[in-house]
Amino acid sequence: MIHKILRKPQAILGLLMMLTVFAVMLFAPALAPNDPEKINIMQKFAEPSEQYPLGTDDMGRCIASRLIYGARVSMSIALPTIAAIAVISVLLATVCAYAGGIVDKLFVIISDIFMALPPFLVAMTLVGLFESKALSIVISIAAAMWVWNAQVVRTYVIREKQKPYIITCRMSGCSELRIIIKHIIPNIFPHLLVLYSTGLSGVIIMISGFAFLGLGLETGTAEWGAMLVNANKLVFSHPELIVYPGLCILFAAAGFNLFGEALRDICDPKEG
Amino acid sequence: MLKAENVMKKYGSQTAVNGVSLELEDNAVTVIVGESGSGKSTLARILSLIEKPDSGRILLGDTEADRRYAKSNRRLVQLVMQNAASSLDPHQSARQVIDEPLKLLMNLNRSQRTKRTDELCDMVQFPRDKLNNKVTELSGGQQKRLCIARAIAAEPQYIIFDEAFSGLDVTLRRCILTMLKKLRADLKTAFLIITHDLDTAMFMADRIYVMRSGNIIETLDRPHSFLDFKEDYSKELVRAAEYKRQALQ
């Protein structure tokens, strides 16, 4: 798998972009030239300089520092969200699809009901439920998106459980649980990796979308979506304030998408 | 003795197995021959206790086989399927394939399993240095030998080979069949071979059942030559086999 990734330029580019985002997220305090929250009204809309590499915003805060810390905030919400989606969808879909019969039928009915509701609408309804804004966002996006991922996982499991090697596993004395954990999940794992790496880009965009609609983190938080909202009113006078966070969102989303798509090609026997 | 009594299986309106009764004698090789679609593989799956018949029963000795006690049944009956590549988990190494029944069915500890794995490799002539290879990195013949090693690892009383020798070249097939003959003598395990190849049947069988459209139409005990077949359909199969041999020559 690693050899195949290293042979595919699209995968390398996506991986580098992802690693850049993670590096910025991890080393934000060392990379940021200034305190991202420090207001200096005397320096508002300052031009790019040595002290402020990308200038300042309407409150005189360092844009570069806010973008760097923004990676940390955005990813610290996006990663738990995709992890929650992954756990819920893999657990439910695998058990139901493997069990089959009435359990699977029930799962399909429940997922059809969830899928009838637009994800953004579900998320918008749930986003104000908890005191912690970040927790609200994680739970509401997970509640809105799990079903779409679970349906895909279900397809993978159904396809896998029909393969002849499952009979061999039974012949070798494997319990149903062992077949799921030791055989089915390892075999569908590359597909899950694709599903959730491309899904992460969708979550990043959704979090930013929340902020843009005023449902995200508190105004003034150094987060890419919130920065877009702040800059909304300054679109004509200072368009760069919208362009910078927009580019960051695009960069992160494109990185995960490129890597996910490349993984999909690698996992597909016709391509790989 | 493994017995099928009036076993019937339908898929929709199609009757795959139509009230078949047969016996697998201990320590003997029984062969079921018939053309594709005659219900051989369905019968193999039913006899391996992985599929339930619509009616009829499977007896292990005097007791009816119960699918609920699947694990103990696996110590009695093992199945080797046609396509070795697809019947092995591509994620596993050859060692893991053999290790699983030794651990789960034979309850051996790690060192016992390592020792037994080596013994099994030697028995089926599987190269030990390939044990850590993924199953996808093995040749067709090695995969087949691995499937056989996995099946005998459980030390079952019966092993069912469902078209397990189809698709192998003549030399490899002869080599594996000769190895199986020796294994059967050593292990004292009964084999049921499902095949459409009469040459394989004659080479291996103590008893041959001829199957057509879900029914057993002829039974031959200790067959000596193709002339022993009496039914018209069986003779047709013999003629087809002879034609195939001539075409190959």
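In chain A, helix H4 (residues 63-99) and helix H5 (residues 101-116) pack with their axes 6 Å apart, at an angle of about 135°. The model is predicted: local features need pLDDT of at least 70, side-chain atom pairs count only at pLDDT 80 or more, and totals for chains, interfaces and linings use all residues. Residues are numbered from 1 along each chain as its sequence is written, while chains are lettered from A and ligands numbered from 1 in the order in which they are written.

Helices (H or I, at least four residues) and strands (E, at least two) are DSSP runs, numbered from the N terminus. Axes are lines fitted to C-alpha atoms, for helices over the stretch in contact, and angles run from 0 to 180 degrees between N-to-C directions. H4(A) and H5(A) are therefore oblique to each other; angles under 35 degrees count as roughly parallel, over 145 as roughly antiparallel, 65 to 115 as roughly perpendicular and the rest as oblique. H4(A) contributes Leu92(A), Cys96(A), Ala97(A) and Ala99(A) to the contact, and H5(A) contributes Gly101(A), Val103(A), Asp104(A) and Phe107(A). Residues are in contact if their C-beta atoms, placed from the backbone, lie within 7 Å.

Chain B holds an open sheet of six strands with mixed pairing, in the order E6-E7-E8-E3-E9-E10; two strands pair if DSSP finds at least two bridges between them. Strands E6 (77-80) and E10 (215-221) of chain B stand at the edges, each with a single partner strand, so one side of each has no neighbour in the sheet. The twist averages 15° from one strand to the next.

Methods: Two residues are in contact if their C-beta atoms, placed from the backbone, lie within 7 Å.
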